[in-house]
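Q: I would like to go through this structure with you. Could we take it one topic at a time?
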Amino acid sequence: MQPQSEFEHEVAELIVESLNLEDINATDIQPEEPLFDDGLGLDSIDALELALAVTQKYAVQLRAEDANVKEVFSSLRSLSAYIAENTS
Amino acid sequence: MPSSQRSHVITSRGLDEIIAHGRDGEVSVAQFLARAVALAGKLPDHRYAINLAADRYDFFLGFCAAVIAGQCTLMPSNRQQQTVQQVADDFADCYLLGDVSMDGIERFDVDSDSLATITPSVDIPEIPLHQLCAIVFTSGSTGRPTPNRKYWKTLVEGALSNAALLMQNQKARLNLLATVPPQHMWGFETSILLPLYSKIAVSHVTPFFPQDIAESLASLSEPRALVSSPAHVSALLGANVAKVKIHRIFSATAPMSAELAGQLEQYFDARVVEIFGCTEAGTMARRNTASESLWQLADAFSLEVGEGRTLVRASHLPEDVELQDRVELAGHKQFRWLGRSQDMVNIAGKRGSLADLNHRLMALPDVIDGVIFLPDEDSKRLAALVVAPGMQASDILEQLKPSIEPAFLPRPIYIVAMLPRQETGKLTREIIVELFEKIRRARAQQDDESPSNQTH
């Protein structure tokens with residue numbers, strides 16, 4: 001199991017909070033596990049809510065080429081990296 | 001060209017009209033038909049085409065080519081490997097159309113770019129009305145796809161009904177953007193079938209994030225139309241995107257509030273038209289949600305409201321469809337929606353049975369008693385109260401995952417000592433919700449007081 005970085009932990013907490021995942025502990029989210037499908041089992045409604053939460057907290061607008069939504073959300077690590085890269 | 005009683009033309013549009021905005025710009029009906037006919041001649045020789053094309057124009061072209069070739073298009077409810085594999089297992093004589101590869105299934109790429117140079121066609125193919133053209137799958141609570149067969153007669157007459165219902169007095173061509181996938185019945189009807197029979201040019205993109213939706217809309221010329229769902233459009237409002245005039249916003253898949261409809265109309269200078277329908281019957285009614293609460297039934301449909309159930313009839317449907325909703329007739333061709341049938345829930349555009357979900361919860365070895373329910377009509381997610389000594393909520397969640405479609409996984413799950421059943425064993429909704437709210441409030445209070453949570 002790979003440890004979460006400090007920023008990844010912050011994003012993990014945002015995920016748990018914004019999606020009401022009360023049964024999941026933010027620390028338990030594996031940085032490289034897929035957030036959707038098999039991992040946390042999130043779906044497109046979650047993706048929208050999470051996108052909104054990310055925009056509100058970090059002022060980052062999530063963008064994706066057609067059908068590449070899953071790449072941005074492919075893991076906690078990729079989402080955290082995306083936010084970090086796009087934060088001025 | 002008139003259609004005979006046994007067949008119907010694939011499109012009633014004029015050859016010079018624009019039917020799509022592809023990757024390389026506008027596509028006329030003549031160009032589109034020529035490419036579809038050419039593609040039809042190249043398709044692998046199988047009965048079923050699983051169309052997973054992500055680009056809407058590729059999906060459109062692939063679907064029409066399959067129809068012309070006499071093949072049936074299969075539309076899985078999502079692109080997950082497991083779902084597609086189940087469909088392929090049930091319909092073995094199939095191939096994959098589009099940009100997704102899967103072990104053991106033949107794949108064919110639409111490659112619409114290579115078709116772009118074909119000379120435009122003047123022939124409009126006629127399709128037999130009895131031809132099986134599409135099978136739409138609903139996922140249900142278990143994720144096991146349930147097939148729904150669509151014959152050409154149903155698709156064409158449904159599209160003509162929708163043209164009358166949705167395109168009233170619409171003279172100028174609408175440039176349409178859809179945020180819902182073409183494989184979903186709502187997206188299929190509005191962004192694929194409707195442009196074949198009414199003045200619509202559909203965009204090839206399917207943007208997801210608010211900023212992308214706003215930019216895709218802005219890139220289309222007026223008048224614009226948006227086909228979407230309440231979740232997508234409320235995110236669009238919430239993200240404060242740049243204003244763009246949208247002539248029509250068509251919404252379905254979940255109920256929309258008059259308040260949201262009103263805000264959308266104001267922000268985008270739009271008219272919001274909400275659609276009522278289901279996979280089995282297709283679009284059957286509309287309302288202008290900002291100002292109307294009653295639904296207007298399309299001329300082609302009739303409703304029979306009886307003891308505890310409602311039947312939908314239309315001459316183009318192979319059989320009557322039982323609605324999973326409670327409705328009340330109100331005047332000529334109008335009805336009021338009272339709610340879903342007690343047992344049915346709709347989560348993230350997917351329909352599931354509470355009885356079935358509860359059966360699966362109770363089947364878990366560690367669960368002594370439990371109930372899955374929708375906390376209130378507006379809830380986006382299900383919740384559960386479970387009696388399972390020694391177990392954590394996360395254990396129950398893990399155990400439910402293999403047998404329940406992710407959208408229906410309850411969140412939160414609260415472990416309780418017992419359920420407040422009446423002497424007869426009956427569990428009323430009011431009592432369940434009351435207990436749930438009590439626990440939720442207690443936890444919120446706990447969180448507020450807990451020092452570890454003072455970090456933000």
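Q: Among contacts in chain B between residues at least 6 apart in sequence, what share joins residues at least 24 apart?
A: In this predicted model, the share is 60% of those contacts.

Q: How many helices and strands does chain B have?
A: Chain B contains 12 helices and 27 strands. Its radius of gyration is 24 Å, close to the 23 Å that the globule rule gives for 456 residues, so chain B is as compact as a globular protein of that length.

Q: And what box do its C-alpha atoms fill?
A: Taken along the principal axes, the box is roughly 70 × 55 × 50 Å.

Q: What percentage of the residues in chain B is buried?
A: Buried residues account for 46% of the 456 residues in chain B.

Q: Which way does it run relative to β3 of chain B, parallel or antiparallel?
A: The two strands run antiparallel, and 4 bridges join β2(B) to β3(B), residues 25–28. A hairpin of 2 residues links β2(B) to β3(B). Within this pairing, B:A20 stands opposite B:V27.

Q: What about β12 of chain B, parallel or antiparallel?
A: Strand β12(B), residues 200–203, runs parallel to β2(B), and 2 bridges join them. Here B:H21 stands opposite B:S203.

Q: New topic: which residues of helix α8 in chain B are buried?
A: In α8(B), residues 230–238, the buried residues are B:A231, B:H232, B:V233, B:S234, B:A235 and B:L236.

Q: What covers them?
A: The cover includes α2 (44–58) of chain A, together with α7 (210–218), β13 (224–228), β14 (248–251) and α9 (258–268) of chain B.

Q: Which residue just after α8(B) takes a positive phi?
A: That residue is B:N240, with a phi of about 55 degrees.

Q: Lastly, where is B:A281?
A: B:A281 is in the loop between β15 (271–278) and β16 (282–287) of chain B.

Q: Is B:A281 buried or exposed?
A: B:A281 has 23 C-beta neighbours inside 10 Å, and the cut-off for a buried residue is 20 or more, so B:A281 counts as buried.

Q: Which residues does B:A281 touch, leaving out those up to four places away in sequence?
A: B:A281 touches B:V312, B:L317 and B:V321.

Notes:
Residues are numbered from 1 along each chain as its sequence is written. Chains are lettered from A and ligands numbered from 1 in the order in which they are written. This is a predicted model: local features need pLDDT of at least 70, side-chain atom pairs count only at pLDDT 80 or more; totals for chains, interfaces and linings use all residues. Two strands pair if DSSP finds at least two bridges between them. A residue is buried if 20 or more other C-beta atoms lie within 10 Å of its own, exposed if 12 or fewer, and partly exposed in between; C-beta atoms are placed from the backbone. Two residues are in contact if their C-beta atoms, placed from the backbone, lie within 7 Å. The radius of gyration is taken over C-alpha atoms; the globule rule is 2.2 Å times the number of residues to the power 0.38.
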